[in-house]
Amino acid sequence: MASDKLVVDQKEEMPSSKDMIKVIKKSHVKPNKKLGRRECQLVTFDLPYIAFYYNQKLLVYKGSDYEGMVEKLKEGLGVVLEDFYQLAGKLAKDEEWVFRVECDDDMEGVEVVEADAEWLGVQDLTIEEGTSTFKHLIPYFGILNSEGLSRPLLSVQLTKLKDGLAMGCAFNHAILDGTSTWHFMSSWAEICRGSSCISIPPFLERTKVRNTRVKLDLSSSSVDAAAANGTNTANGNEPSPQQLRERVFKFSEAAIDKIKSTVNATSLPIDHNGDDEQQQPPKPFSTFQSLSVHIWRYVTLARQLNPEDYTVFTVFADCRKRVDPPMPESYFGNLIQAIFTVTAAGLLSQKPPQFGASLIQKAIEAHDAKAIEERNKQFESAPKIFQFKDAGVNCVAVGSSPRFPVYEVDFGWGKPESVRSGSNNRFDGMVYLYQGKSGGRSIDVEISLDAAAMDRLEMDKAFLLQEDY
């Protein structure tokens, strides 16, 4: 056993020698079959995320046979990489700074780290509050996607717990989005459960959706500036990481139904100035739109903004069915774009929730194939390294979807006890939505927020629906 150790917190909040994560072994997994050399150009949808950090996910499972679980995971990984071989490659660029994914049988493949933290139990990792411990259960903390030029595009850490296994995954966000991430995870689990092949192969021809050669020169200081993503908030401030708090709010199926019915039951006042659009019967609001405005309004209240302060709602929308021609759900890559809507904090909080829901609904519906094309052309004419502050002032930004089957990722020993995001790519107002572990229409809402605002949010009975539940 190697003696490598990672202290859980450098500030020695947990100084005991047992409170350490020991790295037991590092190895690499390649596709089981020889595939030869393959290349695939990154496209316009991929490039904005090149200077974000690796996208981190943590899945926690119960189980007593750590060695057996690890062996099954590594065996299944070798099989599933035959289809998802791009994850076993590296980033590369030509002399014009046009990026691509490059795969070769001689490459090392996916990095797998085996670690030991038997002083931690599964229950310790299902708490609603974020902890510094998570940071050391998921690899590549603070690693930029651009480092995929020399690092694996996927790193997996399998940590032994006293009663289970923590699976920390770091995906290079420059080559895939959330839909592709969970397609891969579900396919990997399918193989581990005994299937000889995956049911839905990935669609790997990303140039079918866009085939413009975009030159993205990272040799300047732009990447260094973007590296400040780790401390910058979307408000343009630069608090220390300790000023952000992370919290999971679990909304039951009944609570979600209550939020949706409330938003759909409210109505805006008739515009007596002759605005026919306002007088039209509103289109019903979806679960996503209803929950989004619920979060947006109460986060805005918790921030104690002035009525005239602007606040932005941002959602990273899946464009697979929006582009022309539409792409299959199995499209592997990034096929998302940020959609923004803005209003004054006073209007958002004082008007009925339908007001904010209407803004969100209109922005989402307006983002059609024409709008996507215009956004792509704009980026291609002046490529820009995205930073978190680009999400908007006083923003609430949603970067995941409760449609992702996160609690269905069963490798053969049951569903995960907890699914969380890592410490990368967090800022004041970042929200991840996951399907609730209890199933049905329940949704887990993972929020990163300024500590003072979070204190007020978690005490807000209206936000928590404690008056009725």
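Predicted model: local features only at pLDDT ≥ 70, side-chain atom pairs only at ≥ 80, totals over all residues.

Student: What percentage of the 469 residues of the protein chain count as buried?
Tutor: A residue is buried under 20% relative accessible area, exposed over 50%, and partly exposed in between (1.4 Å probe, protein chains only). Of the 469 residues in the protein chain, the share that counts as buried is 54%.

Student: Which residues make the nonpolar surface patch of about 290 Å²?
Tutor: Patches are made of residues with over 30% relative accessible area and no salt bridge, where like charges are joined within 9 Å and nonpolar side chains (Val, Leu, Ile, Met, Phe, Trp, Tyr) within 5 Å. One member, Val342, is found in strand 12, residues 336-344, and counts as partly exposed because its relative accessibility is 46%. The residues that make this patch are Tyr310, Val342 and Val393.

Student: How many salt bridges does a search of the whole structure find?
Tutor: A salt bridge is a side-chain nitrogen of Lys or Arg within 4 Å of a carboxyl oxygen of Asp or Glu. With that criterion, the search of the whole structure gives 35.

Student: What is the separation of the closest N and O atoms in the salt bridge between Arg37 and Asp104?
Tutor: Arg37 is partly exposed at a relative accessible area of 47%, and Asp104 is partly exposed at 25%. Both belong to a network of salt bridges that links Arg37, Glu39, Arg100, Glu102 and Asp104. In the bridge between Arg37 and Asp104, the closest N and O atoms are apart by 3.7 Å.

Student: Is Glu446 buried or exposed, given its relative accessibility?
Tutor: Glu446 forms a salt bridge with Arg420, with the closest N and O atoms 2.8 Å apart. Glu446 lies in strand 16 (residues 443-450) and Arg420 in strand 14 (residues 418-421), so this pair ties together parts that are 26 residues apart in sequence. Arg426 also forms a salt bridge with Glu446, here with the closest N and O atoms 2.4 Å apart. Because its relative accessibility is 1%, Glu446 counts as buried.

Student: Which residues does Ser448 touch, not counting those up to four places away in sequence?
Tutor: Ser448 is placed in strand 16 and counts as buried because its relative accessibility is 1%. Contact means heavy atoms within 4.5 Å. Under that rule, the residues touched by Ser448 are Arg245, Glu246, Arg426, Phe427, Asp428, Gly429 and Met430.

Student: At what angle do helix 1 and helix 2 pack?
Tutor: Helices (H or I, at least four residues) and strands (E, at least two) are DSSP runs, numbered from the N terminus. Axes are lines fitted to C-alpha atoms, for helices over the stretch in contact, and angles run from 0 to 180 degrees between N-to-C directions. Helix 1 (residues 66-80) and helix 2 (residues 178-192) have their axes 8 Å apart, and they pack at an angle of about 115°.

Note on methods:
Residues numbered from 1 in each chain as written. Heavy atoms only, no water. Areas by Shrake-Rupley, 256 points an atom, 1.4 Å probe, with all protein chains shown as cover.
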